[in-house]
Structures are given as structure tokens and as C-alpha cells.
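Here is a short briefing on one protein model. It covers disulfides, strands and aromatic rings, in that order.

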Amino acid sequence: MQLMFFADLNEYSDLTRREPQYGYTVVFHDHESYSSTIPSGFWLSPGSIYKVDLSLGKEFREPPPAGSCDPTRVNNTYGRYEENSCIAQCRDDVLMEKCGCVHVSPPHPRNVPDKYYRGCTLEEWATCGLRAYKEWVVEYSNVNKVKTECNCPATCTEIAYKAQLSSSQLSKFYAEEKAAKLPPGYENAQDVLENLLIIDILFTSMQISEIREIVTYGWGNFLGDVGGVLGLFLGASMFTIIEFIQFIVCAVLKGCCGLNDKESRSHSPLYNENL
């Protein structure tokens, strides 16, 4: 699959022109999941052709008590539950609480019917939203503080696309050929090299790589190890433990009820079996 982007530098604002880079931030993710360009993504600049090799991977995590994922979380206002979508919903909740609006309304608000989200107007965003958003970013980015507002455990099933990129500059001859098809305001090959970006996307393999969390040491292993240690150092076994319990019970009955040893042994199933 080949994608072509035209940056259209003439439409950039004065504020955007001051940035050290221009172009696009591209993220590869599943169509049902939300992904942010802030923690992930690739910067791609016009004037180049990029080759992207994709591979699909899945990760399965264990729920408590062995793991830390939450199987009850399936969907949220940004689609299928993932850490990024949970963080985005947390951000919206903070903005709604402080300003009564969010930057952009989430795409799936019906997944959380008990909450309401409204997009900010330009005036609301300028007077309250932007300030509240910056405060939230500083608060959430503070690694020395425990995150109490955003409780976003890992998802039990995660789908991720791993991408490997390589690039090359666009050919001058190719730019001259495309110059005849430029929109108004652009007229030569240099305009093509400054605005055109091409991405070739392909899968390196049709196989899916899976990573699974598996409990390798459970209660069965623990009890087996404890029994082995007891048997090695104390010579204890299951029958020894039963006889010990029987001895305690008989001692209690003898002390409380005046039961003699002969009577207590007669009530023992091991004693009767030996007879």
C-alpha cells in the first residue's frame, strides 16, 4: 500500500513555522484501538519516500493474583480499552471537572453512559482548557509522585504493530514530473520536494508473534515444595500429619472429658484398622 501526503506549507500558521520540524507524525495501530502520537509515533518529513515494514504482535497478560491486568475493563470512550485510551479518558475527566469541557469530544462516549463530554469552544480552551491541560501533563509526568487520578492498569490482551522504517530522498526527475499536477500556488519541482511525502507500507510476514504470561509457580508447586522439605528434614508425610492431628484431638479429649488412652484409641480409625 502506498500513501502520498502533501504538506501544503503555504497553509502553515506563523506559530507553526517557528517549529524546528515540519511534516507528519505517523502511528501504526489496530483500527479498534486508540493511539496517541505523543508517546509513540514516527516523524516523517516531506521530500522523502519511506518504506515501512510491519509485523503484527499480540501480548496476553495474566489477571490477578498472578498478574496485574484488569479483565473487567473492555471498552472506554476511546474504543477498546488500552493504557493510552485510559490515559486519554483520564485527561478528559480532569478537563471536564475543571473547565466543563474537553479539547476534542471522544469518539465513543456511549461506552461510558454515566459520563458526559462536551468539546470546548475557542474561548473556553484559551481561558481554561489549555491551562488545565498543561497542569495535568505536568502532574501526570511527575515520576516522583504516585498517580492517584489515573488508574490505568495494563490490558489483558494487547495488539501492537512493530514498524521498521527506511527512507530515501525523492528523485529530482520524479519531482519535475509531479510539478505539472501541483495545486494552485505551487509550480516547480522544488515545491514538490518541500511538500510531497510518500509512504510504502507492507507486511514482512503474515505470521503473528504472540507473547503470553504463564504462571510457572502456583499453589500446587508451593505445596509440593513444602511437602518435600518437610519430608526431607522431618521425615513427615501425610499420614504423619494425620497422626499428629489425632494425637492433639485425643489429648484435648483426655484433658477435657476424662477420656482414657484405651477409649481414645478405640475411637481411632487407624487403631480399629490394625485390629
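A disulfide is counted here when two cysteine sulfur atoms lie within 2.5 Å of each other. The model is predicted. A search of the whole structure finds five disulfides, and a search for ring pairs finds seven aromatic pairs.

**Disulfide pattern**

- With the bonded cysteines numbered in sequence order, the pairing reads 1-10, 2-9, 3-8, 4-7, 5-6.

**Cys99 and Cys128**

- The sulfur atoms of Cys99 and Cys128 are joined at 2.0 Å.
- The torsion about this S-S bond is about -80 degrees, so the Cys99 and Cys128 disulfide is left-handed.
- Cys99 belongs to helix 2 and Cys128 to helix 3, so the link spans distant parts of the chain, 29 residues apart.
- Both cysteines, Cys99 and Cys128, are buried.

**Cys86 and Cys152**

- Cys86 is joined to Cys152 by a disulfide, with an S to S distance of 2.1 Å.
- The S-S torsion of Cys86 and Cys152 is about -80 degrees, so this disulfide is left-handed.
- The two cysteines come from distant parts of the chain, 66 residues apart. Cys86 sits in helix 2 (residues 83-99), while Cys152 sits in the loop between helix 3 and strand 7.
- Cys86 has a relative accessibility of 10% and counts as buried. The cut-off for buried is under 20%, so Cys152 at 15% is buried too.

**Cys90 and Cys150**

- Cys90 and Cys150 form a disulfide with their sulfur atoms 1.8 Å apart.
- The torsion about the S-S bond of Cys90 and Cys150 is about -75 degrees, so the disulfide is left-handed.
- Cys90 lies in helix 2 and Cys150 in the loop between helix 3 and strand 7, so the bond ties together parts 60 residues apart in sequence.
- Cys90 is buried at 7% relative accessible area. Cys150 is buried at 9%.

- Strand 4 (residues 48-60) pairs with strand 7 in the antiparallel sense, over 13 bridges.
- Leu56 has Tyr161 in strand 7 as its bridge partner.

**Aromatic pairs**

- A pair of rings is described by how far apart the centres are and by the angle between the planes.
- The search of the whole structure finds seven aromatic pairs. Among them is Phe5 with Tyr24, whose ring centres are 5.0 Å apart and whose planes meet at 45 degrees, so the pair is tilted.
- Phe5 lies in strand 1 (residues 2-6) and Tyr24 in strand 2 (residues 24-26). The two are 19 residues apart, and their pair links distant parts of the chain.
- Phe5 is partly exposed at 26% relative accessible area. Tyr24 is partly exposed at 24%.
- Trp136 and Tyr140 have ring centres 5.4 Å apart and planes at 15 degrees, so that pair is stacked. The cut-off for stacked is under 30 degrees.
- Trp136 and Tyr140 are four residues apart in helix 3 (residues 122-141), so about one helical turn separates them.
- Trp136 counts as buried at 9% relative accessibility, whereas Tyr140 is partly exposed at 27%.
- Trp136 and Tyr140 also belong to a cluster linked by ring pairs, together with Trp125 and Tyr133.

**A charge over a ring**

- Which residue lies over the face of Phe60? Arg212 does, at 4.1 Å from the ring centre.

Methods
Residues are numbered from 1 along each chain as its sequence is written. This is a predicted model: local features need pLDDT of at least 70, side-chain atom pairs count only at pLDDT 80 or more; totals for chains, interfaces and linings use all residues. Side-chain values use heavy atoms; hydrogens and water are left out. Rings of Phe, Tyr and Trp (its six-membered ring) pair if their centres lie within 6.5 Å; planes under 30 degrees apart count as stacked, over 60 as edge-to-face and the rest as tilted. Buried means under 20% relative accessible area, exposed over 50%, partly exposed in between (1.4 Å probe, protein chains only). A charge sits over a ring if NZ of Lys or CZ of Arg is within 6 Å of the ring centre and within 35 degrees of the ring normal. Two strands pair if DSSP finds at least two bridges between them.
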